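Try each task before reading its solution.

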Amino acid sequence: MKPVISFSDFSFSYHGRTQALNNINLEIPAGSFTAVAGLSSTGKTTLCLAVSGLVPHYFGGAVGGSVTVNGMNTLHTEVGQLAEVVGTVLEDYECQLVTMTVEEEVAFGLENRGVRREEIVVAVSETLRMVGLPGLEKREVSSLSGGQKQRLAIAAALASKPAVLVLDEPTSALDPEGAEELYALLGRLNRETGLTMMIVEHDLSRILPYADRLVVLEAGRLAAAGKTEEVLAQLVKGNSASLSPTLWTLKHLLESKSDAVFAPWLSNEQAIDQLRVFLRQEGAEKIA
Ligand SMILES: Nc1ncnc2c1ncn2[C@@H]1O[C@H](COP(=O)(O)OP(=O)(O)OP(=O)(O)O)[C@@H](O)[C@H]1O
């Protein structure tokens, strides 16, 4: 698959001091669903900001190398122009909601670009339907629940039909049910529209059912990137097993220490089913 995002020897230091990213070489294929993982302060947010162009255009600092999105070099492209290609929802998504009503929020970017009123009306209702908020056009933003506000921020990012959606820790304020619903929605958008997803998530077990690629950062460097299953195996073998969900770590350890070969799995439920079969075969019926 062709890359829609390419980092080439990219480094960034905030205010020329705190080095957040160090010589990143990374390609994100078009249409992929990429999870970005890493311990705290390893540069995950900065990676997102570099794709949206907010680094370095808004957060100034020292830059090396380049980032290209849809063929545009972010260093030489205005943030507004990049926003047409990259929809970004930051961890503090409420800060991104700036209007009174739901309709105004989704229309905001389109109005700024001079899109005709009739087209905006259609785009607003279509986008609200996509994110599971149909018919809420006239609602006041302040009356929405936290989960609905987050979906609204996603709708506002999607309205201009970007090629890439970048989300930073989208489930940090959601309960497990809300997180599952959000990922089901994002997975469907990715499958049905081919929208490239790049999502920072600290709880990998939530995102793995949807992520076909995994990027891992360590102290601002790229520690691993590639197909999810391969990167998880790398994490378990290397020094980053703590990032791997417990059941995945167990799978890889069992495979390396026995003759077991597990069928691929992505969700915890699939993992538990496979482990039950394994334990039964091992004669551990009581545990299984
Ligand atoms: N606006 C800023 N000004 C100065 N330094 C910053 C700024 N934002 C981030 N940093 C520093 O850059 C480094 C990487 O931060 P970043 O937020 O990208 O990491 P992260 O992996 O997203 O962290 P977390 O998981 O805690 O959100 C950290 O050392 C952080 O303190």
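**Exercise 1. Which residues are around the ligand, and which element gives the most to the shell?**

Step 1. Assign elements. Helices (H or I, at least four residues) and strands (E, at least two) are DSSP runs, numbered from the N terminus. Two or more shell residues come from each of β2 (18-29) and α1 (44-52). With three residues, α1 gives the most.

Step 2. Sort by class. Ala, Val, Leu, Ile, Met, Phe, Trp, Tyr, Cys and Pro count as nonpolar; Asp, Glu, Lys and Arg as charged; the others, Gly among them, as polar. The shell has three nonpolar, eight polar and one charged.

This is a predicted model: local features need pLDDT of at least 70, side-chain atom pairs count only at pLDDT 80 or more, and totals for chains, interfaces and linings use all residues. Residues are numbered from 1 along each chain as its sequence is written.

**Exercise 2. What is the strand order of the open sheet?**

Step 1. Apply the pairing rule: DSSP must find at least two bridges between two strands. The four strands then run in the order β2-β1-β4-β5, with antiparallel pairing.

Step 2. Find the edges. β2 and β5 (72-73) each pair on one side only.

Step 3. Check one pair. Two bridges join β4 (residues 61-69) to β5. Thr68 has Asn73 in β5 as its bridge partner.

**Exercise 3. How many residues of domain 1 are in contact with domain 2?**

Step 1. Domain 1 is 3-227 and domain 2 is 245-287.

Step 2. Take the centres over C-alpha atoms: 34 Å separate them.

Step 3. Count contacts (C-beta atoms, placed from the backbone, within 7 Å). Four residues of domain 1 touch four residues of domain 2. The domain 1 side has three nonpolar, one polar and no charged residues.

How values were computed:
Domain bounds come from an automatic or database domain assignment. Two residues are in contact if their C-beta atoms, placed from the backbone, lie within 7 Å.
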